[in-house]
Amino acid sequence: MDPLRHFAVLYDLALTTAGETRAQPLVARMLQRLMYHTEFPCGLFLEVEPGSALARVHTRLCRRQAALVEGATLALPEELMAGTAALIDDAALLKAAFPTSEYTLALRLPVAGHGLFLLLNQGTREVLSFSPTVFDPVLATFARTLGLCEQAERVQQAEREAREAAEAANRAKSEFLSRMSHELRTPLNVIFGVSQLLLLEGPLSADQRRDVEEILGAGEHLLQLINEVLDLSKIEAGALSLTMEEVSLPAAVSDAMALLGVMGRKRGVTVVESVTRGESFLVHADRTRLKQVLLNLGSNAIKYNRPEGEVRVRAARSRPGTVRVSVEDTGYGIEPEKRARIFVPFERLGAERSGVEGTGIGLVITRRLVESMGGTIGFESSPSGTTFWFELEEVASVSASPLSTAQPASRVPRQAGARATLLSIEDNPVNQRLLQGVLERSGRYVFIGASDATVGVELARARHPDVILMDLNLPGLDGFAARRLLAELPETRDIPVLAISAGAMPGDISRARSEGFVDFIAKPIQVDRLYEAIERALQPRP
Amino acid sequence: MFISPESGPGAFREWVRGWRAQHQRGGVLSLVAERDDELIAGLQATCREEQVPLLGGVFPALLLGGAFRERGALVLPFTQMPPSLLVEHLNERTPEEVAQQVEARFSSRPGESTLFLMFDALVPDIGTLLDALFRALADEYRYVGVNAGSETFQPRPCLFDAERLVGGALLAFELPHQFGAVLEHGYSVSPETTAATATRGNRVAQIDWQPALEVYRELVKRHYGVTITRENFYENAVHFPFGIVRLDGPPLVRIPVALEPDGTLQCVGEVPENALLSVLEGVKPGDFTTVERLGGQLAATSVDTVLGFYCAGRRLHLGARAADELRRWQEVLAPRQLVGALSLGEIGSARKGGYPLFHNATLVACPWPT
């Protein structure tokens with residue numbers, strides 16, 4: 001054979017398989033190309049165990065009647081499998097090897113470390129005009145390429161399995177957290193609800209009122225503990241999800257100040273805000289979690305303060321592109337030997353003997369939240385007080401987005417002084433009684449109740465309430481499906497619907513918003529929060 | 001049977017009734033000259049009325065009696081109608097989808113069978129389709145086939161059954177207990193080979209990293225002493241086609257039929273990138289070695305009829321002397337009757353049971369089962 005032609009064909013074979021990174025297609029392409037050049041009509045790639053007489057059919061291109069299926073194990077004569085590239089024209093040998101076929105000629109092309117190509121024909125030796133060893137150079141390269149492909153696939157497979165295992169573990173953790181959140185909050189809702197109902201409805205003696213307030217206080221503490229433990233679990237499990245957006249720090253501080261002010265007044269501590277005026281201080285953060293950080297730090301500053309003390313919340317630019325929020329208290333400071341443990345979970349640094357309530361994980365969560373939002377946190381302390389601070393990267397944005405709240409659908413405004421009609425769809429009779437008591441007690445609402453979604457939708461169509469309170473976990477038609485149904489009906493599509501659920505995971509909340517609920521109320525229901533949400537929903541949309 | 005344009009529909013009807021009376025499960029294959037394609041409607045109507053299965057194609061001319069016939073239609077009977085498949089809209093399917101459809105339709109019978117493939121010549125990726133078919137069926141069948149259509153290479157419906165006349169399609173049918181076809185072109189290979197370094201489908205843009213026309217021109221001049229220019233390209237290129245060289249076997253002919261402004265050459269049939277090319281010289285007029293070799297390969301067959309196809313590109317190369325070669329072909333095959341058509345590409349293997357390859361300038365002969 002013309003050496004140049006020989007070399008050029010080998011070049012063609014090498015280029016045929018170039019760029020292929022997967023083992024199976026690489027072998028298949030090479031096999032087909034070999035058959036194209038040699039016109040041997042049956043081709044196999046066999047994987048051979050060293051020292052074994054067994055071969056596994058890796059790839060086949062041959063008639064269906066040959067009964068040579070991929071994955072099959074064949075016991076082939078050693079004279080056929082072992083050795084260098086060769087043309088074998090022993091018809092009896094081939095008949096013994098492939099009893100269901102009529103092949104009389106075999107071209108063996110070994111691939112070092114992997115197996116061999118075996119091309120079969122019904123002709124005689126004269127059909128081949130070249131020596132089988134002409135393929136040796138390209139087969140050597142092919143062997144190396146095949147090895148690299150198989151190695152890459154093993155690595156990818158291991159990565160895939162590790163990823164799937166991690167995802168499965170995360171899913172399990174998330175499901176557990178979601179379940180625990182629901183299971184813990186549901187009975188707490190009853191404790192809260194009934195306690196609040198007792199306080200609202202009365203009449204209670206002074207002792208009874210005190211007892212009920214104790215129950216409520218313990219419930220609040222238990223709720224805080226549950227929230228913090230679940231938060232920490234989420235963070236530890238890597239299941240914390242943040243909704244990052246541009247947030248105005250002054251607005252977030254103002255928001256937190258409303259609650260901190262109330263807390264401070266109860267304890268005789270003055271809480272003041274000191275934010276540089278005229279600055280938007282936009283940061284990239286999760287709005288809800290940022291408020292949680294502010295409340296954590298602020299509540300600590302109040303709790304661990306002196307009588308008649310002060311808490312000052314500042315926000316200022318610490319350096320170009322970075323905003324620092326400081327929460328200063330006029331407390332007794334943190335002793336130097338305890339400062340290293342300030343962020344250790346469940347570490348209360350002796351405060352458990354002080355009578356001050358706490359769980360010991362608030363600061364751990366606070367730090368994790370700040371760091372998850374890309375920020376840093378620290379503190380300075382002296383006997384005259386402690387300052388906790390955190391820094392976040394400032395967003396350079398010309399369009400400071402105002403805090404957005406869900407707006408209810410546009411409706412005809414009620415006449416001034418008229419009571420709003422609220423429809424509550426709730427299957428739990430205790431929860432339903434609670435809601436009715438809370439809402440009617442306010443004197444501002446007319447209450448309609450339905451115990452399942454089907455009845456609720458019909459009541460909505462008939463009575464046209466101003467707002468619908470929808471429990472998401474209803475039997476049969478659930479809250480989401482009922483919401484979709486209401487949205488399809490012309491007479492109900494504009495009624496704002498508030499979601500109420502004991503499942504208060506971020507996923508639940510975001511799903512509720514994305515499915516058209518104007519707000520989300522987590523159980524156990526806090527009355528003030530409920531009133532705020534209802535009043536917001538009642539506002540006519542411009 | 002030959003149907004002339006002057007024949008009325010009655011002659012065919014009478015023939016088909018007679019045939020059907022003797023062969024209840026028979027059918028017919030028809031090859032129709034493109035000038036008389038209006039005969040197709042009559043064939044279809046008659047076959048529908050008589051409930052006789054019909055398959056067929058349109059070709060530039062027919063082969064009959066050792067001569068080219070520009071008019072009429074040929075009808076070849078099947079004693080038992082074989083499985084067949086007409087796949088339309090090839091441009092809307094992947095090669096794997098077409099191969100799966102063919103594989104599902106045909107299940108080989110015991111003994112050797114041949115799969116006859118008739119493509120519309122304007123299907124651009126016949127080579128790729130054949131690769132996919134081979135992956136699906138491998139050596140389950142012997143492969144033979146031709147391209148149908150118009151010698152003008154203008155789109156037209158050219159494949160039909162009793163219900164449809166379509167273009168852009170594949171007509172496949174099985175010839176059971178049939179050893180396949182023989183195929184030859186007899187073109188000679190120059191000793192020099194080069195690589196088609198940039199191609200797309202049937203377009204060769206670069207050879208050895210240079211504009212294809214420049215290299216082609218150099219090779220033809222060097223080996224055959226002919227100067228190819230843009231002005232004489234269409235007149236001369238048909239005599240000096242490319243040959244795709246394989247490790248074994250004769251080269252696959254690729255006739256350049258069009259020249260683009262940047263020197264890209266368009267051929268009949270795909271040219272794979274990095275294919276090894278040689279420039280061939282067409283057979284010399286009066287050299288009957290090819291047909292004599294073909295005849296020798298069929299010497300042992302005992303059929304009365306041989307279905308043959310003669311490439312239109314080969315006729316273009318030989319000009320008026322093509323008729324001499326055809327006449328000699330019939331002489332070699334006598335007393336068997338050579339019937340067939342002028343084709344626009346041929347499919348087959350250089351050896352029995354080999355890889356289905358797409359050819360140009362080739363003669364294909366297939367014993368017709370009786």
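Because the model is predicted, local features require pLDDT of at least 70 and side-chain atom pairs count only at pLDDT 80 or more, whereas totals for chains, interfaces and linings use all residues. Residues are numbered from 1 along each chain as its sequence is written, chains are lettered from A and ligands numbered from 1 in the order in which they are written, and side-chain values use heavy atoms, with hydrogens and water left out.

In chain A, six strands form an open sheet in the order β3-β2-β1-β6-β5-β4, with antiparallel pairing. Helices (H or I, at least four residues) and strands (E, at least two) are DSSP runs, numbered from the N terminus, and two strands pair if DSSP finds at least two bridges between them. Strands β3 (73-75) and β4 (86-88) of chain A stand at the edges with a single partner strand each, so one side of each is left without a neighbour in the sheet. From one strand to the next, the twist averages 35°. Within chain A, β1 (residues 42-48) and β6 (residues 115-121) pair in the antiparallel sense over six bridges, and A:Leu44 has A:Leu118 in β6(A) as its bridge partner. Helix α2 (residues 23-38) of chain A lies across β1, β2 (54-61), β5 (105-111) and β6 of chain A, running at about 70° to β2(A). Here axes are lines fitted to C-alpha atoms, for helices over the stretch in contact, and angles run from 0 to 180 degrees between N-to-C directions; contact means heavy atoms within 4.5 Å.

Another antiparallel pair in chain A joins β12 (residues 376-382) to β13 (residues 385-393) over seven bridges. These strands, β12(A) and β13(A), form a hairpin with two residues between them, and A:Glu380 stands opposite A:Thr387 in β13(A).

In chain B, helices α1 (residues 9-22) and α2 (residues 39-50) pack at an angle of about 35°, with their axes 10 Å apart. Residues making the contact include B:Phe12 and B:Val16 of α1(B) and B:Leu43 and B:Cys47 of α2(B).

The peptide bond from B:Ala334 to B:Pro335 is cis, with omega near 10°; B:Pro335 is found in the loop between α9 (322-333) and β25 (337-343) of chain B. A:Glu308, although not a glycine, has a positive phi of about 65° and is found in the loop between α8 (287-303) and β10 (310-319) of chain A. B:Asn274 also has a positive phi, near 70°, in the loop between β22 (265-267) and β23 (276-281) of chain B.
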